Amino acid sequence: AEVLNVYNWGEYIDTDLIDRFEEETGIKVIYNTFDSNENLYSRIQTTGYDVIIPSDYAISRFIDENMLQPLNYDHIPNMKLIDEKYTHLDFDPEQKYSVPYTWGVVGIVYNTKYVDKADIGSWDLLWNPKYTNRTAMFNNSRDALGIALMYLGYSLNTTDKDELREAADLIIAGKPVYQGIWMDQILEKLPSEEIVAAPYYNGDAVTMIDENPDLAFYVPKEGTNLFVDAMCIPKNAKNVSGAEKFINFMCSTEAAMANWEYVGYSSPQTEVYKELDEEITSDPLYFPDITQYPTEAYTNLPTEINQFYNDLWVDILT
Amino acid sequence: MNQNLVDLQNLKKEFDGTPVLRGISLSIKRREFVTLLGPSGCGKTTTLRIIGGFEQPDSGDVFFDGKRLNDVPPYQREINTVFQRYALFPHLNVAENIAFGLHIKKLDRADIKRKTAEMLELVGLRGFENRDVTSLSGGQQQRVAIARALVCEPRVLLLDEPLGALDLKLRKDMQIELKRIQQRTGITFIYVTHDQEEALTMSDRVVVMNHGVIQQVGSPTDIYNEPVNAFVADFIGESNIIDGVMLEDCKVEFCGRTFECVDKGFEKNAPVDVVIRPEDLKIVYAGDGLLQGVVESIVFKGVHYEMMVRTQFFTFMVHSTMAESVGKTVGLSVIPFDIHIMHKSAEAQA
Amino acid sequence: MNQNLVDLQNLKKEFDGTPVLRGISLSIKRREFVTLLGPSGCGKTTTLRIIGGFEQPDSGDVFFDGKRLNDVPPYQREINTVFQRYALFPHLNVAENIAFGLHIKKLDRADIKRKTAEMLELVGLRGFENRDVTSLSGGQQQRVAIARALVCEPRVLLLDEPLGALDLKLRKDMQIELKRIQQRTGITFIYVTHDQEEALTMSDRVVVMNHGVIQQVGSPTDIYNEPVNAFVADFIGESNIIDGVMLEDCKVEFCGRTFECVDKGFEKNAPVDVVIRPEDLKIVYAGDGLLQGVVESIVFKGVHYEMMVRTQFFTFMVHSTMAESVGKTVGLSVIPFDIHIMHKSAEAQA
Amino acid sequence: MKKSFAYPYGVWLAVFILAPILMVVVYAFLNADGGFTLHNFSYLPGFLPIFGRSFWLAFLSTAVCLVLGYPMAYLMSRLSASRQSLCMMLIMLPMWINFLLRTYAWMSILENNGFINQFFRSIGLISFLQSHFGYSLDYIPLINTQGAIVLGMVYNFLPFMVLPIYTVLIKLDRKLVEAAQDLGAPTHLVFRRVIFPLSIPGVISGITMVFVPSVSTFVISQMLGSGKNLLVGDLIDLQFMGGAYNPHLGSAIALVMIILIFICMWIMNKFDDGSSEEGGLLL
Amino acid sequence: MKKFFKNFYLLLIFLFLYAPIVVLMIFSFNDSKSRRLWNGFTTRWYVELFRDADILHSLYVTLLVAVIAAAIATFLGTIAAIGIHNMGRRAKAAYLTVNNIPMSSSDTIMGVTFMLLFAAIGLDKGYLTLILAHVTFCTPYVVLNVMPKLRQLDKNAYEAALDLGATPHQALHKVILPEIMPGIVTGAIMAFTMSIDDFVVSYFTAGTTSQPLSVVIYSMTRHRMTPKINAISTILFLIVLALLIVINVRQSRDEKRREAARRKGAMQP
Ligand SMILES: Nc1ncnc2c1ncn2[C@@H]1O[C@H](COP(=O)(O)OP(=O)(O)OP(=O)(O)O)[C@@H](O)[C@H]1O
Ligand SMILES: Nc1ncnc2c1ncn2[C@@H]1O[C@H](COP(=O)(O)OP(=O)(O)OP(=O)(O)O)[C@@H](O)[C@H]1O
Ligand SMILES: [Mg+2]
Ligand SMILES: [Mg+2]
């Protein structure tokens with residue numbers, strides 16, 4: 001039978017959809033998961049996937065390194081259902097290589113029981129000594145430095161080493177405040193009140209708030225990172241037509257809706273937005289209003305700057 | 001009881017319900033060389049381990065110099081042991097092995113050094129101080145084990161078949177060596193072996209055991225010449241053991257004939273064991289002996305020939321320096337003094 | 001050469017550059033019981049292993065029934081071995097151990113059963129079929145090992161110190177048993193031991209080895225009574241070995257005196273070893289003997305006493321059934337026939 | 001029995017162990033363009049604190065494993081045979097649960113509001129401390145400490161300390177213990193002068209098998225520690241799987257670590273008198 | 001009293017080893033995704049688990065790879081141990097040193113080097129690469145478990161078999177293998193456990209259709225670990241536990257029987 005290799009983030013799809021797609025098309029889907037873009041990067045060098053779902057800056061890097069195929073939108077008619085707000089972003093300015101899968105912003109999740117109203121609204125909260133040992137920072141150089149850059153008012157994609165240095169120093173200055181520098185642990189530690197505030201993606205904030213209604217989410221006024229995870233077809237894909245069918249399927253209203261419900265990340269699909277209640281679509285948690293604050297998407301950085309990020313990050317964690 | 005150094009009183013011990021010692025009582029004097037002799041499994045090692053403190057008797061007491069020793073742990077007993085397979089410490093060299101007990105006693109370095117050197121001298125291992133014990137030959141290891149025990153200046157030294165693993169030649173040499181050491185140090189030796197020649201050669205007194213029971217205690221000559229029962233007679237040197245009946249004092253019947261002997265005090269017509277050593281039987285002309293038989297086989301044993309002579313009732317083992325040809329009919333004679341009469345041993349009756 | 005079953009021709013073997021066999025040549029006849037005798041490390045086991053095929057000689061050949069055997073692997077040789085520590089298979093029971101070789105030969109079940117039963121009968125282990133071999137006593141294990149080898153009906157059985165681990169009593173019994181089995185089966189036995197008494201008792205011929213060289217081959221009596229050199233004399237029974245000078249045929253000087261003897265053919269004034277067995281020395285009144293000495297020690301050995309008599313030049317070991325008291329001055333006499341004159345052995349010269 | 005039996009494995013080792021190590025060496029001396037460089041090593045002085053921290057934590061966890069594991073092995077070696085194998089199995093069994101899951105479970109136990117602190121609170125320990133000793137926190141800090149990292153390592157690597165010591169101890173000749181007692185040594189001296197020295201080969205294997213993975217461990221420090229400080233394992237992980245994908249630098253770090261570990265092991269083996277024939281690590 | 005303290009100590013250690021596992025097992029019945037806040041009892045994770053083909057598949061991969069890798073490692077390691085046992089001192093030392101490398105080098109380095117190696121020789125990642133890698137780090141455990149058994153082996157047992165007419169092959173099968181079987185079994189169990197326990201090496205060497213459970217679990221960490229994983233671990237754990245108990249009960253019964261036989265043997269003449 002026809003086989004399709006799909007490579008996605010862990011826990012990032014409603015698996016029923018795969019079954020449905022297999023039923024509809026008769027294509028056997030081999031579904032794998034990864035945990036970081038870097039990993040995806042090293043894996044696809046040696047393994048042939050048909051559909052991958054990387055994040056923005058990774059897509060930009062793949063494009064730069066000529067690892068993706070241009071898409072034939074004729075075979076992906078549902079592309080027209082994708083909101084233009086999320087197309088032609090910096091990482092794929094010509095929108096040739098990717099079909100947005102989810103999008104979101106980074107904000108701060110905080111516990112209303114412990115965090116004073118007065119202290120919210122800005123990235124500042126992450127450096128507030130009042131909450132010493134009760135907040136956390138991202139354990140990921142791009143996201144962490146990104147927060148610092150935005151707080152400082154610099155571009156997320158800056159290649160100015162001084163600016164980056166300044167951002168790193170800022171995080172170092174914040175280290176005594178943080179209980180930890182983490183990724184997924186935040187997902188647990190916020191609802192269980194081990195910490196009272198931490199940055200996170202709005203999609204995951206939804207699940208956290210579900211679990212502990214005392215939690216709330218805001219996007220700092222200094223602006224934030226608009227991230228998009230999008231579906232792409234690698235150069236070395238073996239089953240391009242299957243991949244197109246899969247991408248098209250995932251963009252269908254039905255699938256996008258089911259997936260939205262399952263994953264909790266904002267959907268770029270216009271019909272989904274329209275079909276949902278006003279209550280939800282107006283909630284910045286589900287559909288942040290990106291017109292209210294500056295947003296920027298990540299792009300691929302030059303190798304040298306990537307290396308510099310690495311050095312800074314090691315510095316921060318030394 | 002005062003001049004006894006070690007006193008065992010009615011020791012009993014079972015393992016898993018099987019009695020191994022059935023009431024061992026034994027007194028050992030100062031400076032004595034006592035050997036426990038008996039077949040494998042008779043309880044020699046168990047007795048020694050009780051004296052050493054490695055095993056508790058089920059009942060009975062161990063006295064040492066008049067004091068009850070049962071509950072004293074092994075490391076507080078003035079007794080040291082030379083283990084069957086030496087049990088040297090493989091992580092220590094020769095000198096360190098010997099000095100082990102001294103280090104435990106926290107002697108000062110100079111003393112330890114001096115005593116260790118003396119011991120090495122005594123056992124003839126000077127120059128071997130720093131050798132790895134595993135690189136020594138069996139005999140050398142043996143000597144280290146002895147030195148290690150002696151250096152603690154025990155009042156009693158227990159030796160469990162210390163020569164069992166050595167070859168014959170070496171065993172003979174070490175027997176002489178051990179005896180010499182015992183005489184020089186004046187330490188009481190309690191020695192275990194199942195080699196009767198070894199027991200006879202070295203001991204002041206021999207304790208013959210079987211099935212957890214002491215069969216006989218006596219000097220080597222006593223044991224050899226006047227075994228109390230057939231088991232002892234057979235175990236100490238080869239013997240011809242014939243069923244007989246004591247007709248009256250100094251008169252015994254066996255092999256269908258009546259012989260004169262020197263033993264008295266048996267009941268009339270009591271069934272007895274008659275023991276005759278092979279070397280006490282003389283081969284004479286067919287008509288001359290009291291018994292007549294046919295030479296069945298002959299084996300050269302070096303010093304003598306061993307012949308089996310079949311008579312009507314019994315096949316005798318005879319040792320003689322002269323060979324007879326197989327099949328020849330010969331006579332056998334024995335003087336009354338060499339006919340030993342014994343009560344049937346418990347063993348044989350069972 | 002035709003009636004020889006096994007022929008060793010000039011076998012040489014080195015381990016790590018050390019020669020272990022230095023040219024062993026030996027012919028063994030059908031139905032013979034040949035014993036290799038020698039001190040530890042002299043190369044007995046190595047010789048046996050070459051015959052068994054477990055070791056390749058560096059040079060020299062092994063012939064079996066006239067055919068060169070060097071390159072035949074062990075499992076194709078009609079030779080079986082009884083290993084020193086039995087090497088029984090602990091995962092198999094007694095019957096399975098014995099039947100191992102038959103299973104390999106793919107005999108049918110009934111045959112295997114029958115033969116195994118026969119063997120158990122032969123070695124006296126009927127009823128032990130299903131016993132775990134590790135639960136057997138040493139002597140029983142020994143017999144299983146022999147049965148296991150014999151059931152394959154080898155033409156030659158190699159036995160490497162098969163009785164080494166047994167106690168004395170049991171060893172004597174097993175010696176008789178083995179000899180009986182050999183006579184009943186008619187299989188050629190090549191037997192290794194370092195116990196000279198065992199060698200003398202059991203063998204048709206004894207091969208005395210030392211340092212990888214055969215010293216003497218002969219019947220037990222030959223070896224005992226006419227050792228070719230002092231090494232053999234000393235190894236086969238204890239001996240007094242005295243340096244002497246051959247003055248002329250039948251006249252030897254030692255201990256400062258001239259003795260008559262029966263040996264001839266030595267060079268004039270050749271230095272020789274004079275060997276006198278302890279049992280050949282007679283104790284006589286101080287004035288009567290050719291030599292005079294003082295009794296230094298006396299040990300009871302059962303059959304005889306062993307005394308050390310110090311003369312001016314040499315301390316003699318004397319065996320006698322009569323005890324003398326220590327310190328007494330005695331005379332020693334010996335008949336010319338019992339004075340053995342030997343060339344200095346290579347050993348002694350080296 | 002032939003030694004040629006080992007040849008297939010020899011080939012296997014060459015291809016799958018030696019060749020890859022060689023590749024690490026090669027990679028360490030290459031730059032991204034494939035040219036020879038020593039540049040990768042120029043970073044190393046900056047990593048010194050990271051190395052120091054890793055070795056210190058590994059040292060601590062090895063020490064704790066030894067202190068906990070030795071008595072464990074010793075007690076086990078005294079049990080009946082079937083009990084012994086049961087214990088062996090029980091020690092191995094936790095490895096059947098994924099190590100991430102086990103570590104997550106430890107988080108639940110150790111967190112500030114975790115099971116242990118909940119317990120302390122319920123028995124009034126925290127309020128007791130607060131009222132009588134002026135203790136300011138409302139929990140006992142357990143997680144996010146170096147202690148928690150050490151605990152995580154100990155938890156994961158304890159079996160590797162117990163098993164080799166246990167195997168040496170069960171082979172120890174009982175007679176030697178008796179010989180020492182016989183020579184006047186009371187129980188503690190028997191242990192110090194005989195049992196322990198003779199079990200050193202097992203101890204050294206145990207130390208190796210705990211220390212090495214501890215030095216290079218990653219994830220544990222993230223999950224049980226605060227994640228604010230890197231360990232070498234994380235650093236390598238970062239080069240190969242994380243932010244700045246740089247296998248060359250990663251290889252250089254790995255190479256240095258391999259060398260350091262070998263040096264440590266070499267020093268350790270100095271304590272072994274070489275009597276442990278075959279230098280076998282485990283068992 | 002002393003005995004009580006000894007048992008108490010063992011108990012404490014086992015408590016330490018099993019505490020997190022108990023927590024994990026309890027929370028596989030928690031009616032929320034939280035691994036710490038109890039929301040009530042549910043079996044829904046178990047139900048969902050059996051609908052989740054991916055997780056089940058990854059479990060299948062884990063077990064399959066563990067079985068195959070352990071089998072190969074056991075075979076390879078056993079014959080290797082026999083070969084090494086018969087080598088000279090130096091060759092033996094060399095072999096064992098290299099043999100020890102996988103056990104004494106970090107998983108990350110190993111995983112990465114495998115990845116580099118497979119890329120270099122152009123081997124696509126999949127079951128094959130996964131199994132090769134697992135065999136590599138499992139075999140040393142087999143070797144190290146078999147070697148001591150070989151050393152305990154009667155030196156002459158093999159020769160005795162040859163002597164009785166067995167070819168080297170037969171001798172190996174009928175004598176050597178049965179004798180060293182306990183070591184082989186322990187080695188196999190250890191290999192199997194190591195394979196199950198591994199995650200880092202698998203991570204670098206697994207292909208698309210061959211992601212073992214550990215890799216799947218790890219890729220979930222970016223988002224949220226599903227309690228289904230706890231559920232599957234619980235099931236796996238209980239199965240193994242049951243198995244081990246059965247084995248142990250049988251073993252101790254055997255032991256008793258053998259002990260009884262020995263005693264009976266000793267008493268017969
Ligand atoms: N710890 C023990 N547990 C069970 N049985 C034992 C133990 N120690 C000894 N026995 C049994 O007790 C009996 C006597 O053993 P002991 O070791 O005292 O004999 P022995 O006279 O020294 O024999 P050998 O000459 O073979 O050393 C034997 O049957 C032995 O099996
Ligand atoms: N495989 C081997 N490698 C190295 N040396 C060996 C080997 N086998 C035997 N030797 C050496 O060869 C010499 C003769 O050994 P062999 O086993 O033949 O002696 P033996 O006469 O049987 O002695 P024993 O009575 O002690 O058994 C010894 O010095 C021994 O150390
Ligand atoms: Mg004993
Ligand atoms: Mg030998």
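In this predicted model, an oxygen atom of ligand 1 lies 3.2 Å from a polar backbone atom of Cys42(B). An oxygen atom of ligand 1 is likewise placed 3.0 Å from a polar backbone atom of Gly43(B). With the ligand taken on its own, its accessible area is 630 Å², of which the protein covers 60%.

**Surroundings of ligand 1**

- A side chain also takes part: an N or O atom in the side chain of Glu161(B) is 3.1 Å from an oxygen atom of ligand 1.
- The residues around ligand 1 include Ser40(B), Gly41(B), Cys42(B), Gly43(B), Lys44(B), Thr45(B) and Thr46(B).
- Phe15(B), Asp16(B), Val20(B), Glu161(B) and His194(B) are also among the residues that surround ligand 1.
- Divided by class, this shell comprises 6 polar, 3 nonpolar and 3 charged residues.
- Helix 1 of chain B, spanning residues 44-52, contributes the most to the shell, with 3 residues.

**Antiparallel sheet of chain B**

- Chain B contains an open sheet of 5 strands, in the order 15-19-16-17-18, with antiparallel pairing.
- Strand 15 (282-284) and strand 18 (315-320) of chain B form the edges, and each pairs on one side only.
- On average, neighbouring strands of this sheet are turned by 45° against each other, direction ignored.

**Pairing of strands 15 and 19**

- In chain B, strand 15 runs antiparallel to strand 19 (residues 329-333), and 3 bridges join the two.
- Opposite Lys282(B) stands Ser333(B), which belongs to strand 19 of chain B.
- In general, the strands of a sheet pair through backbone hydrogen bonds, in either a parallel or an antiparallel manner.

Technical notes
Residues numbered from 1 in each chain as written. Chains lettered and ligands numbered in written order. Predicted model: local features only at pLDDT ≥ 70, side-chain atom pairs only at ≥ 80, totals over all residues. Heavy atoms only, no water. Near = heavy atom within 4 Å. Polar contact = N/O pair within 3.5 Å; in protein donor to acceptor, adjacent residues only side chain to side chain. Areas by Shrake-Rupley, 256 points an atom, 1.4 Å probe, with all protein chains shown as cover. Helix = DSSP H or I, 4+ residues; strand = E, 2+ residues; numbered from the N terminus. Nonpolar A, V, L, I, M, F, W, Y, C, P; charged D, E, K, R; others polar. Pairing = 2+ DSSP bridges. Axes fitted to C-alpha atoms, helices over the stretch in contact; angles between N-to-C directions.
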